[in-house]
Amino acid sequence: MTTPDPNRIGGLEWARRTRGTLTSSERRQLLVAIAVTQVANAVGRAKLALGRLPDGAMSIDVRNFEAPDSRLAREAETACAEQSELLAAHSYRTWLWGMALAAVDRQPIDRELFYCAALLHDWGATTTVAHEDFTIRGAERALTCTQAAGLEPDRANLIADGICCHTTPGATVERDGTIAYYVQYGAMADGAGLRAWDIAPHNIDEALRRHPRGPGFKSGLSDIIRAEARAVPNGRFGLARRCGMTLAVQMAPFDS
């Protein structure tokens, strides 16, 4: 597995060094990525309306995705349960839809590392800390899980890096690795419908059956985004909110 540069925007060392505050140059880079994503979303929503799925999407069945049987997985599940019901269910849907997207893309992914990253990617959003990006706290909680499970530091850092990077607009597998990329798009498929058009309807339905969104999901997630944007106004959620992230959440192709 390729190790992403931890000092890139959103990487583990970048997050630790900056606490999530973007420079002017970094904001300009991310604005371009957000604009590209918005165009892709518009095209994708048309695909969703027309029911156009990528080759192989219908043959994927999330019921075949099983949680890893490992100490790390159990540690991650315990930590995931520390979150609100809203975030915990979102985390499990992120895992299922991220795995489905990796299968659609024919991208090999470390199931154990991805499971831990998906379950804990929003752990730090339970509370806000002024001038500290929430992904840092999620990454550190994940690292306590890896330590308890005796995971090698290099593999542990891939989880933490993926958590820190998942809110950086425009993630790519080549630059950011499969953990960060599929946490980002698994989460965004749930939160704003991004790449939901690449997931077969039966897999959308199954994930929602197993881990329901609940009637207040859109408003609850929007509240979390606004709180994080206030806590770190020059961070990634602050920028994303100014670019319409909460509106995208409200317009996600789900009832709640």
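**Reading a predicted model: questions and answers**

Me: Where does R19 lie?
Reply: R19 lies in the loop between α1 (12-18) and α2. The structure discussed here is a predicted model.

Me: Why is R19 called partly exposed?
Reply: The relative accessible area of R19 is 29%. Partly exposed covers values between the limit for buried, under 20%, and the limit for exposed, over 50%. R19 therefore counts as partly exposed.

Me: Which loop holds R106, and what is its phi?
Reply: R106 is in the loop between α4 and α5. Its phi is positive, about 60°, although R106 is not a glycine.

Me: What makes R106 exposed?
Reply: Exposed requires a relative accessible area over 50%. R106 has 64%, so R106 is exposed.

Me: Why does A40 count as partly exposed?
Reply: A40, which is placed in helix α2 (residues 24-50), has a relative accessibility of 39%. That value falls between the limits of 20% and 50%, so A40 counts as partly exposed.

Me: How far apart are A40 and N7 in sequence and in space?
Reply: They are separated by 33 residues in sequence and by 27 Å in space, from C-alpha to C-alpha.

Me: Why is helix α5 described as largely enclosed by the rest of the structure?
Reply: Helix α5 (residues 111-120) has ten residues, and nine of them are buried, so the helix is largely enclosed. The buried residues are E112, L113, F114, Y115, C116, A117, A118, L119 and L120. They pack against α3 (71-80), α4 (85-105), α6 (134-149), α7 (153-165) and α8 (173-191).

Me: What caps the N-terminal end of α5?
Reply: D110 caps that end, with a side-chain oxygen 3.1 Å from the backbone nitrogen of E112.

Me: Why is α4 called roughly perpendicular to α10?
Reply: α4 and helix α10 (residues 217-231) pack at an angle of about 100°, and their axes are 11 Å apart. Angles of 65 to 115 degrees count as roughly perpendicular. The angle lies in that range, so α4 is roughly perpendicular to α10.

Me: Which residues form this contact, and how do they divide by kind?
Reply: L86, L87, H90 and R93 in α4 meet F217, G220, L221 and I224 in α10. The residues of this contact comprise five nonpolar, two polar and one charged.

Conventions:
Residues are numbered from 1 along each chain as its sequence is written. This is a predicted model: local features need pLDDT of at least 70, side-chain atom pairs count only at pLDDT 80 or more; totals for chains, interfaces and linings use all residues. Side-chain values use heavy atoms; hydrogens and water are left out. Buried means under 20% relative accessible area, exposed over 50%, partly exposed in between (1.4 Å probe, protein chains only). Helices (H or I, at least four residues) and strands (E, at least two) are DSSP runs, numbered from the N terminus. Contact means heavy atoms within 4.5 Å. A polar contact is a pair of N or O atoms within 3.5 Å; within protein, one must be able to donate a hydrogen and the other to accept it, and residues adjacent in sequence count only if both atoms are side-chain atoms. Axes are lines fitted to C-alpha atoms, for helices over the stretch in contact, and angles run from 0 to 180 degrees between N-to-C directions. Angles under 35 degrees count as roughly parallel, over 145 as roughly antiparallel, 65 to 115 as roughly perpendicular and the rest as oblique. Ala, Val, Leu, Ile, Met, Phe, Trp, Tyr, Cys and Pro count as nonpolar, Asp, Glu, Lys and Arg as charged, and the others, Gly among them, as polar.
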